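User: I am new to this structure. Please walk me through its sheet and its aromatic rings.

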Amino acid sequence: MDRLICGDVGFGKTEVAIRAAFKIAFDGKKQVAILVPTTVLAMQHHETFVSRMKNYPLSIEVVSRFHTTKQNNEILQRTKEGKVDIIIGTHRLLSKDVQFKDLGLLIIDEEQRFGVRSKEHLKKFKKNVDCLTLSATPIPRTLYMSLIHIRDMSIINTPPQDRLPIKTIVCEASEEILVNGILRELSRNGQIFFIHNRVETIHEKASFLQKLVPQARVCVAHGQMDAEDLDQIFHQFKEGNYDILVATTLIENGIDISNANTLFVDRSDMFGLADLYQLKGRVGRWNRIAYAYFLTPERREISEISQKRLQALVEAGGGYGGGMKVAMRDLEIRGAGDLLGAEQSGQISAIGFHLYCKLLARAIASLQAKKPISFIDTKLEFPYAASLPESYIDSTELRLEIYHRLGEALSWKEVDDIYLELQDRFGKPPKETVFLYHMTRLRVFVSMYRFTHLKFTALSVTVEQGKTTKTFFFSKPFTQPDKLEAYVIELLKGNFYCPDNP
């Protein structure tokens, strides 16, 4: 098994992991390794697993910096001897000295937090071992692997009973917003998370909040704290001894405190999309309405990419299953990435898995058509708006599919068929989609005849074919995409070798 479990934050992915681990350890008599991104999450999982399985003769251990080196080494030695049934840990589990007697299942929690090198090591780690990957917002590469069926994917769509959607508010930071949000939560005896991702100034921020709401009990948690102090702070906050936890993104993954239902994220414009969504998932884990405030600097413009991230977060916050929407949007923005990572083998190592499959498909198509076909992907740069707007196709998944099909098209007939299908399914295309259609036709034509680069400006086009570069000027800007396509093709035919239509 190599299966991705994709479910929204708090929808029960950990429950699936607990039951799978129990089946393997108790019924299968094999060992289970659970890999998590943070020490705090490792400790929380350890407590959960121990409490759920306390009536069964299973040995459950955790390796973390909360233990001494001697304690960790003893646990690893017992794991090697087969005396530990379930072991939970952070990147420490990826060390070369970690060995198992009979590993049966590897569970990777919050997969999006592990880098390529860790995943390359995991491939060696999990040979002939079942693997269960959990993520609310899988990274584009992982999601794409599931979408093209390299690995299996299961989606949890059903929210837990009594779960209410989280109210998402993106606004400029102000004392009024903070006071109102904090007092509303305190009035219902709830708790508050305040995320400030700068260790140098985190105590200043805590003092500021204390002065702002004197009756609140404020505590601070960050990754540079001593392990015992950090553990104590989390337990005291969980037990209700504090009202506001001012923390870094340490709490981002898997922290489950049902009484904390208001979240403030300071400088939310500085975070990634998956980070913001994971932080939002720290609240709303009970039957109360939860509030997530994403604060931006007062009277200061934020970057376009930050605006897009925050907008995507608001759009995903209208109901359930937002994690999948965020992941699909991330895939649309960033692309699928390199599927096999750094350590690849054979011919694939030089070019990456996706391009390898693309070239293979083209080679097969050329053999079927019994004619040579170009493997050159021409780079087109143009100032025109060429896209599939959300107002035309509102599903991110559908937009991605059509972009992919247009990108893979090898002939004008394929492009024309897709364009006719669009009109049939979604109605009359807007101007941006018409431009996309004609630019795709142009891309097919120039790829066929080994043009490597076309760069448009409002009044010119610069063309590269091999070592030849020429610039052609227009008498006036083009506003109609069909006329632009026809003009450029005639231009190329008149100045370069282009015998046929594709």
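Analyst: Start with a term. Contact means heavy atoms within 4.5 Å. Keep in mind that this is a predicted model.

User: Which strands does helix H9 lie across, and at what angle does the helix run to S12?

Analyst: Helix H9 covers residues 273-280. The helix lies across S8, S9, S12 and S13. Its angle to S12 is about 150°.

User: In what order do the six strands of the open sheet come?

Analyst: The sheet is open, and its pairing is parallel. Six strands form the sheet. Their order is S8-S13-S12-S9-S11-S10.

User: Which strands stand at the edges?

Analyst: An edge strand here has a single partner strand, so one side is left without a neighbour in the sheet. On average, neighbouring strands are turned by 20° against each other, direction ignored. The edge strands are S8 (167-172) and S10 (218-221).

User: Which strands does helix H8 touch?

Analyst: Helix H8 spans residues 227-238 and packs on the sheet. Its direction makes about 140° with that of S10. The strands touched are S9, S10, S11 and S12.

User: What is the bridge partner of Phe 264 in S13?

Analyst: Strand S12 takes in residues 260-265, and S13 takes in residues 291-296. Four bridges join these parallel strands. The partner of Phe 264 is Tyr 293.

User: Over which ring does the charged end of Arg 184 sit?

Analyst: The distance to the ring centre is 3.6 Å. A charge has to be within 6 Å of the centre to count, along with a limit of 35 degrees from the ring normal. The ring under Arg 184 belongs to Tyr 291.

User: How many aromatic pairs does a search of the whole structure find?

Analyst: The search covers the whole structure. The count is 15.

User: Are the rings of Phe 22 and Tyr 56 stacked or edge-to-face?

Analyst: Their centres are 4.8 Å apart. Planes over 60 degrees apart count as edge-to-face. The planes of Phe 22 and Tyr 56 stand at 70°, so the pair is edge-to-face.

User: How many residues apart are Phe 22 and Tyr 56?

Analyst: Phe 22 is in helix H1, residues 13-27. Tyr 56 is in the loop between helix H2 and strand S3. The pair links distant parts of the chain, and the separation is 34 residues.

User: What is the relative accessible area of Tyr 56?

Analyst: Buried means under 20%, and exposed means over 50%. Tyr 56 is partly exposed, and its value is 38%.

Key
Residues are numbered from 1 along each chain as its sequence is written. This is a predicted model: local features need pLDDT of at least 70, side-chain atom pairs count only at pLDDT 80 or more; totals for chains, interfaces and linings use all residues. Side-chain values use heavy atoms; hydrogens and water are left out. Two strands pair if DSSP finds at least two bridges between them. Helices (H or I, at least four residues) and strands (E, at least two) are DSSP runs, numbered from the N terminus. Axes are lines fitted to C-alpha atoms, for helices over the stretch in contact, and angles run from 0 to 180 degrees between N-to-C directions. Rings of Phe, Tyr and Trp (its six-membered ring) pair if their centres lie within 6.5 Å; planes under 30 degrees apart count as stacked, over 60 as edge-to-face and the rest as tilted. Buried means under 20% relative accessible area, exposed over 50%, partly exposed in between (1.4 Å probe, protein chains only).
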